[in-house]
Amino acid sequence: MNKAAAKKAGYFAEYIVLVATIIGVWIIMGSSGKLNPIIMPSPSKVGSTILSLIQNGELWENLGISVLRVLQGYLLASVLGIIAGILIGLSRHLDRLTELLIQVIKPIPPIAWIPLVILWFGIGESGKIFLIFLGGFFTILINVIDGIHQTDTKLIEVSKSMETPFFKHIFTMVIPSALPNIFTGLRTGLSSCWMCVVAAELVSSTTGLGYLIMNARQFGKTDVVIVGMLTIGIIGKIMDSLLKLIEKLIIRWN
């Protein structure tokens, strides 16, 4: 086994030990009566709930719907965020013009948009996708702008001295230089979209992981709430890992 493989195996073993420790402490505290099973069910109860939701198809159905919504909102946020970020990053005038607007709107949480979203889009899918879009758009936009701004000035000087055509300069120097920031924005934006799915599915929804969590909360089913949360976390991690793999394949020099 080479050093790289051994290092990865070591990291994996550490993760296993950490998870096992958390579950072990959880079991001990539950069996000692320090955890109220209604407020915090035991790992065995959560495990049986997972199996039950998988067997009756409820988990797969809600997961599929939430993944579709997240992908739609995220792809829209990615395309518009990258295009707008490049345009703003390349134009000092546009940067000054939009900075105040971006900084004012960015801190507003998606859940605060719900009343307006219902008025604008009704209670259909468009409103849910818009809320998820909002969750990722500004994160992607700001990272793209920062990436464009951080382009090495030496590259720009070389490009000007060689009289490189404008679009060739953008696609061969500026964007490749900004790719690490762009991917950082894409990965962070994906996490933000997943964090917004619960808020999005509050809008008169009867499906999705957000609905599953909120509906379980109303009936005091803490085990189902935990299953929904774990599912979002695991799927979010898988999607982030895929995006990280794509980043490594594209940015081989980073």
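The model is a predicted one. I will begin with the overall layout. The protein chain has 10 helices and zero strands. Read from the N terminus, its elements go α-α-α-α-α-α-α-α-α-α. The C-alpha trace of the chain spans about 75 × 60 × 30 Å along its principal axes.

Now to the helix pairs. In general, two packed helices are described by the angle between their axes and by the distance between those axes.

On the H3 side, the contact is made by Leu87, Ile88 and Leu90, and on the H4 side by Arg92, Leu94, Asp95, Thr98 and Ile102. By class, the residues of this contact are five nonpolar, one polar and two charged.

H4 also packs against H6. Here H4 covers residues 92-105 and H6 covers residues 125-149. Their axes lie 12 Å apart, at an angle of about 145°. The crossing of H4 past H6 is left-handed. Which residues meet here, from H4 and from H6? From H4 they are Asp95, Ile102 and Ile105, and from H6 they are Phe138, Leu141, Ile142, Ile145 and His149. Six of the residues in this contact are nonpolar, one is polar and one is charged. Asp95 and Ile102 are also among the H4 residues that touch H3.

H9 takes in residues 209-218, and its axis comes within 8 Å of the axis of H10, with a crossing angle of roughly 160°. H9 is therefore roughly antiparallel to H10. H9 passes H10 in a left-handed crossing. Leu209, Leu212, Ile213, Ala216 and Arg217 from H9 meet Val224, Val225, Gly228, Met229, Thr231 and Ile232 from H10. This contact holds eight nonpolar residues, two polar and one charged.

Last, the largest pocket. Its space comes to about 440 Å³. It is lined by 17 residues, and those closest to its centre are Val46, Ile50, Leu230, Thr231 and Ile234. Which helices each supply at least two residues of the lining? They are H1 (3-31), H2 (43-55), H3 (58-90) and H10 (222-250). As for the classes, the lining has 15 nonpolar residues, two polar ones and no charged ones.

To recap the pocket, H3 and H10 are among the helices that contribute to its lining.

Methods
Residues numbered from 1 in each chain as written. Predicted model: local features only at pLDDT ≥ 70, side-chain atom pairs only at ≥ 80, totals over all residues. Heavy atoms only, no water. Axes fitted to C-alpha atoms, helices over the stretch in contact; angles between N-to-C directions. Helix = DSSP H or I, 4+ residues; strand = E, 2+ residues; numbered from the N terminus. Left-handed = near helix turned anticlockwise from the far one by under 90°. Contact = heavy atoms within 4.5 Å. Nonpolar A, V, L, I, M, F, W, Y, C, P; charged D, E, K, R; others polar. 1 Å grid on protein atoms, 1.4 Å probe; cavity = no way out; pocket = protein on both sides within 12 Å on 5 of 7 lines; lining within 4 Å. Points joined across faces, edges and corners; volume = space filled by probe spheres on them. Parallel < 35°, antiparallel > 145°, perpendicular 65-115°, else oblique.
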